[in-house]
Amino acid sequence: KTILGADDKAGMVVILTMIQKEVPGLYYFFLGEEVGCIGSGHLSRNWKDISFSNHINKVVSFDRRGTSSVITHQFYGRCCSDEFAKELSMRLSSTSEELKLSPDDTGVLTDSAQFMDIVSECTNISVGYYSEHTGKERQNINYLERLAKASVQVNWDSLPTTRKIGIDEETIRKYGKLINDIKATPFGIDVKIASDRATTFIQCDLEEGYIDETYEALTTLQFLLNKHKVSQKVYFDAEYIKIDLL
């Protein structure tokens, strides 16, 4: 009558195996992923203040259902390049005939998404659970064992890193003056502009903000949008206010 907890104890099995086998890397066990990526969100907001951050060009989560996915897109858009996803899929699958991973653009949201704006390649890999968040959750143990062994064999450092970080040139041409004004404005909450596959949007993080700070930020944003004659659609997305630019 309760969840199994394979989401995401299974991912922890893979990471602990890699640590045990001394695979080089920086390993995090984040708190609060299920309730809004609390731990990873906190780290990402302070990422540039960490001395080793410039040396990290890949963020890999082991938190995807099924047995076939290397995620290329999460909720906020593209998170890793096709080149990275194809190469990683090939290397993992080459270790066992029963591993058949491939790039998948139907990701939702996990901790690696918090680093999409600051790290080149961010992905999420299937760990073999199904029906997560329900009393019918189940785990493919054979797949998990094979994945853990495969992850130890991959040369992670040599994977290609080709995805460009930041806002694309088309967005800059269209909204450049608005973007400059937003960057020059001191907001009381975290405000950033980003693009996904279909939309350019402003994201306002409510996690650490107070009502007066949020109100002031939204009032300022409305002034800037009116100033640059940009229409918008506003809605809530978990702990964010998201403003689609039309």
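The model is predicted, with local features requiring pLDDT of at least 70 and side-chain atom pairs pLDDT 80 or more, whereas totals for chains, interfaces and linings use all residues. Residues are numbered from 1 along each chain as its sequence is written, and side-chain values use heavy atoms, leaving out hydrogens and water.

An open antiparallel sheet is built from four strands in the order β9-β10-β12-β11 (strands are DSSP runs of E, at least two residues, and helices runs of H or I, at least four, numbered from the N terminus; two strands pair if DSSP finds at least two bridges between them). Because β9 (190-195) and β11 (232-237) each have a single partner strand, one side of each is left without a neighbour in the sheet. Six bridges join β9 to β10 (residues 200-205) in the antiparallel sense, and Ala194 stands opposite Phe201 in β10.

Turning to the side chains, eight salt bridges are counted (a Lys or Arg side-chain nitrogen within 4 Å of a carboxyl oxygen of Asp or Glu). In one of them, the closest N and O atoms of Arg65 and Glu132 are 2.6 Å apart. This pair links loops 67 residues apart: Arg65 lies between β1 (58-64) and β2 (69-71), and Glu132 between β7 (129-130) and β8 (138-139). Arg65 is partly exposed at 37% relative accessibility, while Glu132 is buried at 14% (buried means under 20% relative accessible area, exposed over 50%, partly exposed in between, with a 1.4 Å probe and protein chains only).

Lys227 and Asp181 also form a salt bridge, at 3.0 Å between the closest N and O atoms; this pair links helix α6 (residues 211-227) with helix α5 (residues 169-184). Another salt bridge joins Arg146 to Glu98 at 2.7 Å, N to O.
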